[in-house]
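The sequence and structure are shown below for reference.

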Amino acid sequence: MAKYLLLKHYRGAPEALNNVPMDQWTPDEVAAHMQFMADYAERLQANGEYVEGQALSPEGTFVRYDGEGRPPVTDGPFAETKDLIAGWFAIDVEGYDRALELAGELSAAPAAGGKPLHEWIEVRPFLAQPVTITE
């Protein structure tokens with residue numbers, strides 16, 4: 001078994017085919033999308049492939065260390081330029097091909113007009129072993 005992270009993006013990935021922003025969807029379209037996500041997670045749980053999943057708000061801040069005794073540095077007022085994660089699923093599957101299959105299914109979540117979103121899903125493997133440095 002191998003663990004993968006399926007990442008859904010608000011911004012930063014290639015554009016979805018049905019690229020109507022969620023804040024322009026009808027309440028019924030949002031409800032259908034959220035029900036799809038719940039059903040998807042339930043199916044993965046039944047298959048033993050679900051590890052965890054969460055939806056994230058579009059607000060976020062990048063932070064970095066700026067030196068001893070100094071406050072952390074944030075990304076400033078330029079949020080429109082950064083990649084934003086909409087949500088994710090952590091899965092534990094037989095291998096890469098199964099992860100791709102599940103990502104394809106997730107990409108078909110309903111969106112505006114009840115049509116599939118056709119969004120790009122980023123598939124990232126968990127690091128299986130810590131990096132070892134030898135001299």
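In what order do the four strands of the open sheet lie, and is the pairing parallel or antiparallel? The answer given here rests on a predicted model.

## The sheet

The open sheet is built from four strands in the order β2-β5-β1-β6, and the pairing is antiparallel. Strands β2 and β6 form the edges, each pairing on one side only. On average, neighbouring strands of this sheet are turned by 20 degrees against each other, direction ignored.

In general, strands of a sheet pair through backbone hydrogen bonds, in either a parallel or an antiparallel sense. Between β2 and β5, the antiparallel pairing extends over five bridges. In this region A55 stands opposite G87 in β5.

## Helices on the sheet

Helix α1 lies across β1, β2 and β5, and runs at about 20 degrees to β5. Helix α2 also packs on the sheet, where it touches β1, β5 and β6. The direction of α2 makes about 30 degrees with that of β1.

Helix α2 comprises 12 residues, 96-107. The buried residues of α2 are R98, A99, L102, A103, L106 and S107. An α-helix has 3.6 residues a turn, so residues three or four places apart point the same way. The partners against which the buried residues of α2 pack are β1 (2-11), α1 (27-47), β5 (84-93) and β6 (121-125).

## Aromatic pairs

The structure holds four aromatic pairs. Since Y4 belongs to strand β1 and Y96 to helix α2, the pair ties together parts that are 92 residues apart in sequence. Y4 counts as buried, with 8% relative accessibility, whereas Y96 counts as partly exposed at 48%.

Another pair is formed by Y40 and F89, with ring centres 5.0 Å apart and planes at 70 degrees, so this pair is edge-to-face. The pair links distant parts of the chain, as Y40 is in helix α1 and F89 is in strand β5, 49 residues apart. Y40 has a relative accessibility of 2% and counts as buried; F89, at 7%, counts as buried too. Y40 and F89 belong to one aromatic cluster together with F36 and Y50.

## The loop residue S57

Where does S57 lie? Its place is in the loop between β2 (50-55) and β3 (63-64). With a relative accessible area of 42%, S57 is partly exposed, because this value falls between the limits of 20% for buried and 50% for exposed.

Which residues does S57 touch, leaving aside those up to four places away in sequence? The contacts of S57 are with Y10 and I85. The C-alpha atom of S57 is separated by 8.3 Å from that of G87, a residue 30 residues apart from S57 along the chain. G87 is also the residue of β5 that stands opposite A55.

Note on methods: Residues are numbered from 1 along each chain as its sequence is written. This is a predicted model: local features need pLDDT of at least 70, side-chain atom pairs count only at pLDDT 80 or more; totals for chains, interfaces and linings use all residues. Side-chain values use heavy atoms; hydrogens and water are left out. Helices (H or I, at least four residues) and strands (E, at least two) are DSSP runs, numbered from the N terminus. The expected span of a helix is 1.5 Å times one less than its number of residues. Buried means under 20% relative accessible area, exposed over 50%, partly exposed in between (1.4 Å probe, protein chains only). Contact means heavy atoms within 4.5 Å. Rings of Phe, Tyr and Trp (its six-membered ring) pair if their centres lie within 6.5 Å; planes under 30 degrees apart count as stacked, over 60 as edge-to-face and the rest as tilted. Two strands pair if DSSP finds at least two bridges between them. Axes are lines fitted to C-alpha atoms, for helices over the stretch in contact, and angles run from 0 to 180 degrees between N-to-C directions.
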